[in-house]
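Look at the sequence and the model together while you read. The paragraphs below go through salt bridges, a ligand site and a few single residues in turn.

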Amino acid sequence: MNLIELDNVSRTFTVRTRVGRLRRERREVRAVQGLSFTVAPGECVGYIGPNGAGKSTTIKMLTGILVPSGGRLRVAGVDPARERARLARRIGVVFGQRTTLWWDLPLRDSFELVRRLYRVPPPRYRANLARCVELLRLGDLLDTPVRQLSLGQRMRGDLAAALLHDPQVLYLDEPTIGLDVLSKARVREFLREVNEAGTTVLLTTHDLTDIEQLCRRVMVIDHGRVVYDGDLPGLHAQGESERTLVVDLVREGAPIDLPGVRVVKVEGNRQWLAFPAARSAAPIVAAVADRYPLLDLSVREPVIEDVIARMYAGATIG
Ligand SMILES: Nc1ncnc2c1ncn2[C@@H]1O[C@H](COP(=O)(O)OP(=O)(O)O)[C@@H](O)[C@H]1O
Ligand SMILES: [Mg+2]
């Protein structure tokens with residue numbers, strides 16, 4: 001049985017826009033249209049797309065915050081908008097740009113409120129809290145008011161709060177946005193453990209590294225429709241997208257010359273090398289390191305907008 005099912009789901013917003021000085025016009029915005037997909041229990045699905053594609057609208061409908069304008073939607077067999085309270089016990093949700101924690105309360109008290117809200121049995125609550133505190137390294141932060149937490153700390157607090165009631169599904173809307181590298185890594189590690197322990201995850205993100213490290217399946221949404229559903233290498237292959245290897249050489253030198261690699265920029269001792277994103281970076285890194293003395297190197301994922309643009313370009317040819 002599928003945990004999430006959408007059949008021809010749409011959502012329209014009516015917006016009023018000013019036309020000239022006095023007139024106002026009503027305009028329909030189709031945030032989501034003809035959206036159909038299913039998610040099986042235990043999956044970790046990346047849900048990506050450009051700004052305004054309809055990702056947050058989808059998540060809000062799956063949570064029951066927004067009612068679809070049309071189509072059929074089920075989460076754990078429940079119509080989210082109709083049975084929002086019942087569904088709330090089975091889902092967890094994290095919005096990266098907004099906290100669900102109580103601003104003036106210490107983290108510990110926020111968690112306690114979550115426990116009461118969802119009537120989590122005390123033994124289970126204690127076990128879940130202990131696990132979250134350990135995995136998210138929240139031990140030193142439990143007595144800190146939420147408003148004093150850094151963005152990364154707050155996000156870890158939000159993740160814990162979303163999971164204290166053992167939801168079957170976790171929705172994440174840009175959970176790594178604005179986080180530093182270390183916080184991102186911790187959040188990813190945590191999400192991997194949560195998913196491996198059986199929680200189904202739907203992850204919206206602008207960071208393709210999140211997808212690469214967590215999701216075997218990725219759905220691309222654009223203008224409210226699913227335009228790709230498959231794995232990440234498949235998406236990269238379809239658009240022939242490229243990743244970039246940025247290397248700092250010990251000495252300035254001629255552009256690096258290796259098969260399968262294209263030098264796109266040279267600046268002093270730093271060089272930018274593009275290679276097909278569907279290929280593994282490891283052998284390329286090894287080949288460069290083998291032939292050129294290096295100070296440093298990093299791999300940059302392509303940005304989502306580029307991948308999608310290239311995907312369309314590829315589709316018209318193929
Ligand atoms: N409450 C709303 N009122 C009017 N338009 C909205 C509202 N929420 C979203 N939209 C519009 O719907 C489209 C999809 O938005 P959204 O789901 O937030 O996209 P994403 O999360 O992919 O960036 C956008 O054009 C956005 O402006
Ligand atoms: Mg959004």
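**Salt bridges and surroundings**

K184 and D207 are both buried, where buried means under 20% relative accessible area, exposed means over 50%, and partly exposed covers what is in between (1.4 Å probe, protein chains only). The model is a predicted one, in which local features need pLDDT of at least 70, side-chain atom pairs count only at pLDDT 80 or more, and totals for chains, interfaces and linings use all residues. Residues are numbered from 1 along each chain as its sequence is written, chains are lettered from A and ligands numbered from 1 in the order in which they are written, and side-chain values use heavy atoms, with hydrogens and water left out.

What joins K184 and D207? Their side chains meet in a salt bridge, with 2.8 Å from N to O. A salt bridge here is a side-chain nitrogen of Lys or Arg within 4 Å of a carboxyl oxygen of Asp or Glu. K184 sits in helix α6 (residues 181-196) and D207 in the loop between β7 (200-204) and α7 (208-214), so this pair ties together parts that are 23 residues apart in sequence. Helices (H or I, at least four residues) and strands (E, at least two) are DSSP runs, numbered from the N terminus. As a general point, side chains of opposite charge can pair when their charged atoms come close.

A further salt bridge is formed by the side chains of E212 and R243, at 3.2 Å from N to O. E212 belongs to helix α7 and R243 to strand β10 (residues 242-249), so the pair ties together parts that are 31 residues apart in sequence. E212 is partly exposed, with a relative accessible area of 39%, while R243 counts as buried at 6% relative accessibility.

The side chains of D229 and R217 also meet in a salt bridge, at 2.9 Å from N to O. This pair links distant parts of the chain, with D229 in strand β9 (residues 225-230) and R217 in strand β8 (residues 217-222), twelve residues apart. D229 is partly exposed, at 41% relative accessible area, and R217 counts as buried at 15%. Salt bridges that share partners also join K184, R188, D207 and D210 into one network. How many salt bridges are there by this rule? The count comes to 20.

Turn now to ligand 1.

A polar backbone atom of G52 is 2.7 Å from an oxygen atom of ligand 1. Polar side-chain atoms also lie by oxygen atoms of the ligand, at 2.8 Å for K55 and at 2.5 Å for T57. Taken alone, ligand 1 exposes 560 Å², and the protein buries 62% of that; accessible areas come from the Shrake-Rupley method with a 1.4 Å probe, and for residues only the protein chains shown count as cover.

Helix α1 also contains T63, which is buried at 9% relative accessible area. A polar atom of the T63 side chain lies 2.5 Å from the backbone oxygen of I59.

The structure holds one aromatic pair. F37 and Y47 form this pair, which is tilted, with 5.9 Å centre to centre and 45 degrees between the planes. Rings of Phe, Tyr and Trp (its six-membered ring) pair if their centres lie within 6.5 Å; planes under 30 degrees apart count as stacked, over 60 as edge-to-face and the rest as tilted. Both F37 and Y47 are buried.

How values were computed. A polar contact is a pair of N or O atoms within 3.5 Å; within protein, one must be able to donate a hydrogen and the other to accept it, and residues adjacent in sequence count only if both atoms are side-chain atoms.
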